[in-house]
Amino acid sequence: MSNDNLSLFAQAALTPSLDCEAEATPLDKRIVGERNRLTLCRYLHRFGWLTSRMIARLVWGDASQAWPMARRTLKALQDDCMVIRRALPQGGDVYLLSAKGARFLNEREGVDAGSGQGLALGNPVHRACSNWVLIDALRNGWEVITEHEISTDRSPVRVLDGKQPDGILLGEGEAIWVECENAWKSINARKSIVTFCSRHLDLDKMTMITPDYPLRQVTVVATNMDALRHMAASFQQAYRDHAIREGQLQMVNVALLPISRSLVPSEQVDGNLWSDVMLPAM
C-alpha cells in the first residue's frame, strides 16, 4: 500500500465523523482514476495504437479486473473525445490518441504528442507482436523503445545497416534489438537479418545503440512456426558457409508468440538460437 493511502486511512481513523471518512475515499478514487487516464494516454503516445487488452496489461497489470477496468476507462475517454476507436479488418478494435487527448497529454506532460487520426495501422499482427513483446519487457523492468517511437524519429537509432528494429530493449548495460516475423520472408530478406547479426554481435568493438547501451543481443520473435523455421534455416546455412560464428549465434534469442486475428497473444515460448534450435538439429 502506498504512503498516500496509509496517510489517508490514518486520518480517517482519527476522525470520528463518518461523513469525513466517506468524503475521503471518493477523492482518492478520483486521483487514482486521473492518474490512470494520464498513464493510458502516455502509452498511446508511445505505442501509436493499443488494444484494450494491451492497455489492461500496461496500466493495471495482473489485477483480476484489469480488462474490465481498461474497457471502462477507454469508454469514458472515448465519450470525452480523448481517444479514437478504430475497427480492425479482421475483427476487434484498437485505440489511438485524439487531438483532445494529445492536448491533454501535452499540457500535463510537456511532450510533443499528436493525434492518431491519420495514423496508418500497417500490418496489425506484426505490430501487435512487437507491442506484446515490449509490454512484457516493461513489466519485467526493462526500458523499451517502441516500434512507433522508432518510426516517428523519437529513438536514438531509426535505421542501422539498412534495417529498422521492431523495438529495442534497454537494461543491465545492454541493448537488445527486436525483430518480429509474422509471414514468410524471401531468402534475401532473411539473409539481411543474418548479415546484420554477423556485423553487430559478439565483436570486440560493439555497436552503440545509445551512448550508454551497446547492442548485445538480437531477439527474433515469430508469430508462427513456419516463419521461425525459415529464419532458423537461413542461420543454419550461414553457419555452414562460415558467414556467421557460433559466438554470434549464441547472442540470438528466438521466441514463438502466436497472435490471434483479434490480436490476442498465446503463451510465448522463448529459447536461444544456438543451444535450443541449432545444436539439437546437428
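Modeller: The lining of the largest pocket is made up of 9 nonpolar, 5 polar and 2 charged residues (nonpolar: Ala, Val, Leu, Ile, Met, Phe, Trp, Tyr, Cys and Pro; charged: Asp, Glu, Lys and Arg; polar: the others, Gly among them). This is a predicted model, in which local features need pLDDT of at least 70 and side-chain atom pairs pLDDT 80 or more, while totals for chains, interfaces and linings use all residues. Residues are numbered from 1 along each chain, and side-chain values use heavy atoms, without hydrogens or water.

The largest pocket (an open set of 1 Å grid points with protein on both sides within 12 Å along at least five of seven lines; lining residues have an atom within 4 Å of a point) holds about 270 Å³ of space, a volume being what probe spheres set on the points fill. It has 16 lining residues, and Val 133, Leu 169, Thr 219, Gln 268 and Asp 270 are the closest to its centre. At least two lining residues each come from helix α6 (124-139) and from strands β5 (174-181), β7 (213-222), β8 (252-256) and β9 (269-272) (DSSP runs: helices H or I, at least four residues; strands E, at least two).

Beyond four places in sequence, Leu 263 has contacts (heavy atoms within 4.5 Å) with Trp 49, Thr 51, Met 54, Leu 88, Val 94, Pro 124, Val 125, Ala 128 and Trp 132. Met 54 is one of the buried residues of α3, along with Ser 52, Ile 55, Ala 56, Leu 58, Val 59 and Trp 60. Because 7 of the 9 residues of α3 (52-60) are buried (under 20% relative accessible area, 1.4 Å probe, protein chains only), the helix is largely enclosed by the rest of the structure. Gly 61, with a positive phi near 60°, follows α3.

The largest, at about 40 Å³, is lined by Val 220, Leu 228, Met 231, Ala 232, Phe 235, Val 252, Val 254 and Leu 273. Its lining has 8 nonpolar, no polar and no charged residues; α9 (225-240) gives the most, with 4, and β8 supplies at least two.

The second largest cavity also has about 40 Å³ of space. Glu 181, Ala 183, Trp 184, Lys 185, Arg 190, Ala 227, His 230 and Met 231 line it, a set of 4 nonpolar, 1 polar and 3 charged residues. Here too α9 gives the most, with 3 residues.

As to confidence, mean pLDDT (the predictor's confidence in each residue, from 0 to 100) is 89, with 90% of residues at 70 or more. Helix α1 (3-14) has the lowest mean, 36, and α10 (246-249) the highest, 98. Over residues 1-24 pLDDT stays under 50, and the model has 7 contacts beyond four places in sequence for them.

Notes: Buried < 20%, exposed > 50% of the residue type's maximum accessible area, 1.4 Å probe, protein only. 1 Å grid on protein atoms, 1.4 Å probe; cavity = no way out; pocket = protein on both sides within 12 Å on 5 of 7 lines; lining within 4 Å.
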